[in-house]
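Hi everyone, thanks for coming.

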Amino acid sequence: MTDEYLSLLADLVRIPSISNAHESVQQSAEAFSDVLRAHGCDDVEILGNGAVYGCRHVARDKPVVLVYGHHDVQPVGRPEAWISPPFEPEIRDGRMYGRGTCDDKGGILAYIAATRLSRDCNVKFLIEGEEEIGSPTLGALLEEHRELLRCDYAVLCDTPNFATGVPSITYRLRGNVVIDVEVRCLERPAHSGKFGGVAPDAVQRLVSLLASIELPAEPDESIDLPFDEQAFRHDVGVLPDAELPSRPYERMWATPSLTITGIEATPVAQAGNQINAVVRARLSLRSVRGDEGRLVLEQLAQPMVSARVISHADPWKADRAHPLFEAARRALQRGFGTPPVMTGSGGSIGFVPPFASLLGDTPLLLTGVQDPPCNAHSENESLHLGDWEKAMHSGACLFDELARLS
Ligand SMILES: [Zn+2]
């Protein structure tokens with residue numbers, strides 16, 4: 001079976017479906033439509049903006065699973081940094097290299113292949129063509145095709161695994177509230193010698209105000225995964241003198257954080273002996289409960305301070321008590337021969353909130369085929385072929401487990 005899928009994936013990767021390259025995305029959508037038809041899907045159609053739909057019906061009394069993935073890809077980055085060209089897939093040391101191999105053509109193809117191995121569920125596929133530019137029309141598309149996409153369970157197969165060979169279920173994401181804040185204390189800059197200490201200083205006020213902001217923390221003791229500090233320092237570029245906090249995964253996934261992503265005052269090169277009259281900053285508030293934006297705005301409500309929300313994405317958390325997760329755990333264990341780990345993500349994912357609102361109480365299952373060395377979004381993206389085959393079997397096991405649940 002693998003040889004057939006290796007050449008199928010290679011053919012799909014040869015189509016340079018970078019999100020904004022409409023012709024290639026369309027060509028890729030048609031190629032995926034053919035793949036779905038070849039796997040017994042009926043009513044295959046392109047719903048718009050490169051989003052492909054198809055359903056493999058087996059029986060009315062079987063559960064309906066909606067599987068989401070995407071076939072658009074990131075731009076290639078620096079072409080000279082690729083060892084083999086991004087759209088000429090090559091296999092080296094058990095990995096297939098090429099743009100889109102793991103993110104997400106291989107991810108969705110694993111579940112398509114799984115329909116050959118199992119006839120336990122009716123499987124609807126939605127393969128998007130705009131994921132890498134933030135799924136701008138996905139919400140409207142899900143709304144428009146609400147009936148067509150009706151399902152008992154949804155599997156979103158585009159999230160990373162904790163380690164090679166270790167399957168993972170992503171069960172929580174932080175949200176992001178972007179806030180602009182401005183502090184204005186003087187009509188014009190003032191002499192720091194003559195007036196310093198008495199005339200209010202906008203920059204001083206901003207930094208002490210931001211340093212005083214308190215965010216609610218609700219520890220998540222269930223997060224207990226081994227942390228490789230050396231690898232983290234290397235990957236993130238943390239300098240040797242910088243200390244890291246304890247329980248880093250809990251901090252990144254389950255604790256709110258406030259980052260000043262931009263600040264405007266007098267640039268150093270133009271600084272004189274003057275007190276700044278005004279200062280502006282942009283904040284990125286990573287939220288966990290969902291009310292942190294309001295709490296920060298309340299604390300910023302001070303004289304001479306104005307603040308406003310520029311954009312906002314809600315946090316998301318799955319109900320891990322739902323039987324779906326036990327079924328998924330069993331399926332991944334069967335497919336990989338290793339129990340899966342439950343992971344979070346500090347960032348938000350554009351396609352999750354539209355699915356969460358489409359499905360209401362139906363839980364979402366986030367899982368995928370990307371392992372840490374896969375370089376998704378960077379040069380030399382690759383897919384671990386051993387994990388890929390295990391993902392196909394896990395997919396089939398998942399259909400089996402879901403059929404038993406119902
Ligand atoms: Zn992706």
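Let me start with a word I'll be using a lot: a residue is called buried if 20 or more other C-beta atoms lie within 10 Å of its own, exposed if 12 or fewer, and partly exposed in between. And keep in mind that what you see is a predicted model. With that definition, buried residues make up 41% of the 406 residues in the chain.

Okay, the overall picture. The chain has 12 helices and 18 strands. Its C-alpha trace spans about 80 × 45 × 40 Å along the principal axes. It's divided into two parts: domain 1 takes in 2-173 + 316-405, while domain 2 takes in 175-216 + 256-313. Their C-alpha centres are 41 Å apart. Also, if you take the contacts with a separation of 6 or more, 79% of them are between residues 24 or more positions apart.

Let's go to an open sheet with four strands. Which order do they come in? It's S11-S13-S9-S14, and the pairing is antiparallel. At the edges you'll find S11 (257-264) and S14 (305-313), each of which pairs on one side only. On average, neighbouring strands here are turned by 20 degrees against each other, if you ignore direction. Now look at S9, residues 175-184, and S13, residues 278-287: they run antiparallel and are joined by 10 bridges. For one example, glutamate 182 has arginine 280 in S13 as its bridge partner. Helix H6, residues 202-211, packs on this sheet and touches S9, S11, S13 and S14. The direction of H6 makes about 15 degrees with that of S13.

Which of its residues are buried? Glu292, Gly293 and Val296 are. They sit on the same side of H9, because they cover an arc of only 100 degrees around the axis. If you're new to helices, here's the background: an α-helix has 3.6 residues a turn, so residues three or four places apart point the same way. On the other side of H9, Arg294 and Glu298 are exposed. And what do the buried residues of H9 pack against? S9, S13 and S14.

In soluble globular proteins, nonpolar side chains tend to be buried together. In this chain the largest nonpolar core has 77 residues, and Val65, Ala110, Ala154, Leu156 and Leu365 are the ones with the most contacts inside it. Helix H12, residues 385-405, gives the most to this core, with 10 residues. There's a second, separate core of 13 residues, which includes Cys185, Leu206, Ala277 and Leu285.

Let's zoom in on alanine 154. Leaving out residues up to four places away in sequence, alanine 154 touches Leu66, Tyr68, Phe355, Leu359, Thr362, Leu364 and Leu365. Strand S7, residues 153-157, runs parallel to S17, and four bridges join the two. In that pairing, valine 155 stands opposite leucine 365. S17 is covered on both faces: Leu364 and Leu366 are buried on one side, and Leu365 and Thr367 are buried on the other.

Buried, exposed or partly exposed? Proline 363 counts as partly exposed, because it has 19 C-beta neighbours inside 10 Å, and the buried label needs 20 or more. Not counting residues up to four places away in sequence, proline 363 touches Ala318, Asp319, His322 and Leu324. From proline 363 to lysine 317 it's 46 residues in sequence, with 9.7 Å between the C-alpha atoms.

Three strands, in the order S4-S5-S18, form an open sheet with antiparallel pairing. The edge strands are S4 (90-92) and S18 (382-384), and the twist averages 25 degrees from one strand to the next. S4 and S5 pair over three bridges, with arginine 92 opposite arginine 95 in S5. Helix H3, residues 101-117, packs on this sheet and touches S5 and S18.

That's my tour, so over to you for questions.

Conventions:
Residues numbered from 1 in each chain as written. Predicted model: local features only at pLDDT ≥ 70, side-chain atom pairs only at ≥ 80, totals over all residues. Pairing = 2+ DSSP bridges. Axes fitted to C-alpha atoms, helices over the stretch in contact; angles between N-to-C directions. Contact = placed C-beta atoms within 7 Å. Domains from an automatic or database assignment. Core = buried A, V, L, I, M, F, W, Y, C linked by C-beta atoms within 7 Å. Arc of directions from axis to C-beta.
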